[in-house]
Amino acid sequence: MSTKYVICILTSSDIDSLKMSLESAINQNYDDSLDIFIVVNTLNDHYYEEILSYYRNFSLIDKRNRLKKIIRTESNGKPGMGHNSIIDIFREHHCYERLVILDGDDMLYPNSINSIDYIYDNSKCDIINLLGNTRFSFNSHDIQNEKKGKYSIKLNYEIEEMFVNSLCPEFNDILATPSRPISLNRNVLDKLKDYDLYDNECAIYDDYKIFLICYVEHFK
């Protein structure tokens with residue numbers, strides 16, 4: 001029996017951010033099967049050992065038994081190779097129908113997988129891209145002086161479907177990626193099997209390549 005989703009969290013440094021990212025993935029309000037892999041793509045052997053040490057016993061951290069594997073992949077020190085390694089992992093694990101891609105400093109809203117699931121089940125899409133991000137910042141001084149250490153954040157957000165018909169002229173003058181992939185299904189592996197979806201040599205914005213691939217495919 002296949003598992004519908006695997007969340008792969010890519011990390012190369014900063015275990016504190018990884019802990020928050022993993023916690024947001026574990027605590028998804030999603031009732032069906034959901035597995036999580038930590039993908040360590042780093043040249044730093046000490047960082048890999050730090051992760052193995054901290055997550056030595058998954059059950060102490062993950063009461064819902066969602067974290068299944070820690071996988072180290074070959075790194076050239078650039079993000080594209082790490083992202084492509086996630087695609088390769090998904091390709092090799094045939095039991096998963098859909099992949100969710102997180103960087104180690106990303107966090108998911110509690111109902112994110114439900115929202116992604118709804119989009120897949122109510123459209124014919126094979127890949128879901130984000131056109132924006134939510135950023136949080138906390139005053140470290142205030143946090144250190146908060147005795148209870150608990151915070152409550154209430155947010156209203158919407159997920160809507162949209163198609164890029166043309167690139168905004170602003171992208172001629174700024175350094176940014178118009179969108180980034182958050183999820184894809186196995187159909188993408190068949191349709192784009194001849195591509196590396198991310199650029200292995202870019203130091204930043206390695207996901208521009210997959211945006212352009214999606215842009216071209218949409219207008220075929």
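Serine 24 touches Asp106, Met107 and Leu108, leaving aside residues up to four places away in sequence; contact here means heavy atoms within 4.5 Å. The model is predicted, so local features need pLDDT of at least 70 and side-chain atom pairs count only at pLDDT 80 or more, while totals for chains, interfaces and linings use all residues. Residues are numbered from 1 along each chain as its sequence is written, and side-chain values use heavy atoms, with hydrogens and water left out.

Serine 24 lies in helix H1 (residues 15–26). Helices (H or I, at least four residues) and strands (E, at least two) are DSSP runs, numbered from the N terminus. With a relative accessible area of 8%, serine 24 is buried; that term means under 20% relative accessible area, against over 50% for exposed and in between for partly exposed (1.4 Å probe, protein chains only).

Helix H4 covers residues 79–92. Its 14 residues should span 20 Å at 1.5 Å a residue, and its end C-alpha atoms are 20 Å apart, which agrees; the expected span is 1.5 Å times one less than the number of residues. Buried residues in H4 include Gly80, His83, Ile86, Ile87 and Phe90.

Strand S6 (residues 180–185) is mostly covered, with 6 of its 6 residues buried. Two strands pair if DSSP finds at least two bridges between them. Strand S5 (residues 127–130) pairs with S6 in the antiparallel sense over 4 bridges, and leucine 130 has arginine 180 of S6 as its bridge partner. Strand S4 (residues 96–103) also runs antiparallel to S6, joined by 3 bridges; arginine 98 is partnered there by asparagine 185 in S6.
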